[in-house]
Structures are given as C-alpha cells and as structure tokens.
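Please read it with the coordinates open.

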Amino acid sequence: MQKIILYLFISVVTFPLMAGNKIRGYIFDEQKEPVIGANIYWEKSKKGVVSDANGYFEIEAGGEHEYLIITYTGYEPQSLHIDDVNEELKVYLKEDTQILDEVVITKRAPGTVTQRSAVVQTQKITLGEIHRAACCNLGESFETNPSVDVAYSDAATGAKQIKLLGLAGTYVQMLTENYPNFRGVASPFGMDYIPGAWMEGIYVSKGTSSVKNGYEALAGQINVEYKKPQTMDKFSLNLFGSDALRMEANADASVHLNENLKSALFVHYSNDQHPHDRNEDGFLDYPKTRQFNLMNRWNHEVGKYVAQYGVKYINEEREGGQDISHHSFDDPYRISLNTNRGEFYTKQAYVMRADELAESVAVIASGSVHDQKSLYDKTVYDVNQKNLYVSLLYEKDFSARHNLSTGLSLNYDGFDEMLRTTPFDRDETVTGAYAQYTFNLDNKFIVLGGIRADYSSRYGFFVTPRLHLKYNPVEWLHLRGSIGKGFRTANILAENNYLLASSREITIADDLRQEEAWNTGVNATVYIPLGDKEITLTGEYYHTRFINQVVVDVDSDPHAISFYNLDDGRSYSNSAQIEASYSFFTGFTFTAAYRYTCSMSDYINPATGENRFLSKPLMNDYKGLITASYQTPLRKWQFDLTGQFNGGGRMPTADVNNPLWEERFDPFTIVNGQITKFFRNFSVYLGVENLFDFRQKNPIIDAANPRSENFDATMVWGPVHGRKIYAGLRYNIPRY
C-alpha cells in the first residue's frame, strides 16, 4: 500500500499544469539585500502580495492603465507602470529619512538578511537556499553550506551531530528565535525536531558570539528563525516522499485576528517505517521512525509594546537494531527510543524611545520538558530533563557611535536520569549578568566588547570576556577579528547516550569539571566588481584551545569509552576556510569552498598512564564544496547541483591482537541534485541524494555477534544509506 501511495504521489506532483499571466520580480534595498514582507498591490483593485525571504514576489497581471504600488515601512513607496508582463522586475527601495525610527523598529519584519556592516561574521541560510535540497528538517538544511557538517553519530539510533570548526556539535550553541534550545538530552536528536518547511532562515556564526545569549558557544552559534505570523502566507503545504518509502507532510496557517493580534499554527507528520538492510549485515541501515510535531505562535503589538508567545509539542518513536523482517533471530538485538518533548517561550519588549537615542527593555523566557525512554538491547536508559531560561535585557543608544546593552539571566537544568538501575540525578542553576558596549565609527570601524559574570550551583563563579572588531579600509574590503572565552557543562550520558549502541564499557570520572576554552578568529571578505555583478571571496581562520575539556576517549581501550578531565593536557582545533561565489549570468549562482581542519588532543590510558597526542577520530581532514543553481527567466524552472568532497581521517585505535577496522578511512564524494518546476501558487520538485550511491560498507563492527565484546555501532564516518530519489510538492495561499 505504501508503494502504491508513493507512486500515485509522485505522479500527481509531477503532472504539468499551466500558469496564468503573472508579474514576477524581486525587491531589494539600497545595499542590494532582499526586502522581506514588502507590500506589492495594484493601485485600483488593491489586490496584492508580499515579498518572501528572498525578496521575490508573484502577482496576477492587473488591468490596463493600472499602476503597481510597492511599499515597505521605512522606505519610499514606488509606483510602476508595467509595459511587459513577461519582464522580470528588480525594484530597489530607498530609505525614507522623513519617517520616524519608531515606526521602522516596530513594523519592520524580523529575520532580515544580515547586512555587510554586521560586526560578527554571520551566514544566513535563506528559505530559498533551504529549498535547494531535500530538506525535511534542520539536520538536512546544511547540505549546501561549506561551514557546517552534519553526520550520523552511530549506525543504529539515527542520532546526528553537527561539526563546526573541527569540534563536535555540543560546542555549538543552538538557539531558536534567539533563546537557547536543544540542550542536554535533546542535542543528539534535536536536528530532527525542526521541520524545514517551518523555517524562515538559519543564522550560522563561528567562534564566540555576543555575551547576550550566554557563556556557551565555544565553536559557534546556530540560530533558527521560524516563520512569523505577521508575514507568512495564509496557508502553506509541503509534501515529501522518497523511493525508500519515507513520507512527510507539513502544513502551516496564519490568521490576523485584528491589526494588533496575529497567530500561526504549524503541523508536521513523518513516517519512515520501512526496514532497510542493503548490506545484509542483519541490522537496519537506519532506524524506523515516526514523528508528530505541533507548534502554535502568537504575536501581539500595541503601540510601543510587542509580545510573542509560543508552545510546541513533539512525539517521536525510533526503532533500530537487528532486522527481523528480512532475517530470523531467536533473540534479536533491539534498540528503541520513545520521546515526548514540550516547549514554551515568550518575548515581551517595550520601546521607550525610538529616535536617534533609541532605548528599549525586553524579557525573554523559555522552558522545556524532555522525556526519553530508551532500551539498548538489555540496557535501560531513561532520562527526564527540565529546562527554564529567563533573560532581562536593556539597550540604549547614547549617540550614533555609542551603544550599551546590559542584562540579567537565569538558566536551570534538572535531570532525572537512570542507566540500568543506577540513578544519575542532578541539577544546575546558573545566574548571571552581562554588559556589552559597541563603538561604531561611521560603519568603517566597529568595536563590540562584552563581559559577563555567572555563578553556577555546581562550579561556582566564572567570567566570560569577548571582543569583536570590524574594519572597512575601503568599501570592497571587510576585515573582522574576534577573541573570547566560552564555558560548558558536559552532560555525559544525556549528550552521548547513542554510545550505548556498542559493547564498550563506559567509565566516567568522579570529578568532571566545567569545560573552558578560548577561541580566536580572523576573517576577510573581498567584493570584486566584475561586469554588473560581484565576485565575493571570503577567507577565515579560527583557533580553539581548551583550558579544560571532558575528553571522550575511545582510543586508550578498544573495548571501553572513558570520560575524564583534560587537566594539564593539550587539546585544540584549527580550522581554515576559503569560499568564493559568483553569478556568471542572470539566474545562475555558483559557490566553491575548501576547508582544512586539524583537531588534536591528549589521550591518557587510565590503566597504564600512557599519554598519546592524537588527531581526533572520525573527523574529516578537509572538505570541499561546489554548488550551482540556475533559475530560468520568469522563475519557471530551477536546477540545483551540489558536490561534497570529504577528506579522509583517523579511526579510533583498534585492538592490536584482533584489529577489526583500518587505521584510517578514505576520502569520499557525495553528489546531490534537484529540479523544481514553479506554477501559480505551488511548485513541484524531483531530486536525488547521494547520486553515485556511496556507502560505508560495514558501519557496524561485528554485527553478527551484537552481544560480543567487539560489537560497536559507533564507528561511523560516512553515509549509512545509499542513493535516494525523492519528490515533493509545495503549495501556498499568499497573504494578499
């Protein structure tokens, strides 16, 4: 039945339909950045639309002698007479200096593309970029991004981890709507908890960031912005299906109850229950999963007061281990994880002044309850984590050059944790205060300095200093530098419970301390005019050095995993990257990037005391990326191609007497492609992941004997699934 549904689905979404006469175009500001949420409407009929995250719009052709009006708060309106409906428009709005800044602040759509003047180097992955790949969740949104790697942590649970600057994802601070999220037990699977169809954009910054969001972010920060009730479509639908019989459905709708109150509802359902065992090792290539995800958002604005509210619920079931549908086992090795997660958040802001001396105060509060029931064969692991985060922020512009931000924060984490029959209950409350000063000399030279002081109920008092510099000696050259410290509490079992998918004995030191590291980075971006377009070249280098780290040691003993303090040992990571992008002709974009990573650490054998300084295992030495995209005139077709060139790396040390894997893994290449056809209010797409069907042959060690001392499902360095063909449909009812 599932195959029949899939074939019918693909047939329907690829059936060609004709589109009517429409005006198409893009809205930009004076810096050539897309304008999100601009109003485009006909002067007489008042029928209109709003521009999307890329500044793009489509509107039905109007009557004769009717002008097209384009407005956006804070910019001068434009009136256009359309002579040729087939001509793609490019409209550049000019800032209206006569409009009060107060109006601009309260009405401007959030989540805009980062300007070149931003002091912290940040990449925004736009909605259009997300649509270029088979993106069904956050973890699949980075396929066209050269900076962020997302890979399976093991070959049994489906857990994924980010790698940034040569460090694991636990050192990357995850934010949603600018508040910390997916901490602790949510970190291994949190990449699957945000559907791609819900996102408006993803912001990726490397190195230490602003002290406003806390003392973490040792390697970087990723912030996800959801669609906003104020600007999103009335209704949108996204359907997805693959030849692996994976099905997903996403729907969202917004309603404007009145001028001040707006709401949105988001629904997601995914089903990937078909068993796959292509290498016939007896284990599922990846777990069978089922997820239901629901979110409701509210936005309330009255004068200078703005409030946001949101709630979210996730239910997910995962089942992995030995495949009993294709094989016969007397006592199969099974893995099951059942998760229920609830979240809430609120933001309250009041603008006291909105002139040249802007002044505002805000409160952010969020909380979550995450309950996971896990069974790794005979090993029971259950955990319930409760989190509460509250932040009070005050910001004031003393002049055009001087800005001060201060605030207070509180973060609470409580764990009720059980491994087999041993409890690991604990909690931590961290209260803190920060101050951040910005000096801006005509956007040519910017200094952003911040310091925060925090007190942890477990680790005591600690101070986090950070400094960012930006200098533009000429308009086409932007230089940035940063240095700062970061701290982190390691939650060993919660963040690494996927390691239970092995027979290794787990040893945890009694006195694990807070992790502490310095991060420094430099960045140079050059904009080179070529014809009527620009070549953008970016080069960067980041160095992270740990003062203390909780070492995850899988090298000292091939049959054990040890967690202990770095103490006086060495641990650092170096990451250097160069990236170039250019639009060779209208509708075509091209990006090429290369990154080299060197990540080293001391590993001390607790039994013999032997110390070895080694590169971190299962880490690619380098990564190359090439992406190309072409969109035909009038946005009727789009063609996307991505090539990932992944370097080799070191495997964990094998048993000397019985080596079951090689010392290193080889480089490999992954190619993805997609074709999209656009119609009036919907589009259909057909694509392929892993075009050349590359797979790690035996990701599970000694799969035939899962209860032996050699069994290990965590030796993953490459794709665990091969080629996948998929198709999908996106449909929307515009706001205007």
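How many salt bridges does the structure hold?

1. The count is 42 salt bridges. The model is predicted, and the points below take up some of these pairs.

2. Asp442 and Arg401 meet through their side chains in a salt bridge, at 3.9 Å from N to O. The cut-off for such a pair is 4 Å. Asp442 sits in the loop between β26 (426-441) and β27 (445-456), and Arg401 in the loop between β23 (379-397) and β24 (402-419), so this pair ties together parts that lie 41 residues apart in sequence. With a relative accessible area of 58%, Asp442 is exposed. Arg401 is partly exposed, its relative accessible area being 36%.

3. Glu417 forms a salt bridge with Arg426, side chain to side chain, with an N to O distance of 2.5 Å. Is Glu417 buried or exposed? Its relative accessible area is 2%, and Glu417 is therefore buried, the limit for that label being under 20%.

4. The side chains of Arg488 and Glu495 are joined by a salt bridge of 2.8 Å, N to O. Arg488 counts as buried, at 6% relative accessibility. Glu495 is likewise buried, at 7%.

5. Which residues are linked in a network of salt bridges? Glu177, Glu200, Glu225, Lys228 and Arg297 are linked in this way. As background, side chains of opposite charge can pair when their charged atoms come close.

Methods:
Residues numbered from 1 in each chain as written. Predicted model: local features only at pLDDT ≥ 70, side-chain atom pairs only at ≥ 80, totals over all residues. Heavy atoms only, no water. Helix = DSSP H or I, 4+ residues; strand = E, 2+ residues; numbered from the N terminus. Buried < 20%, exposed > 50% of the residue type's maximum accessible area, 1.4 Å probe, protein only.
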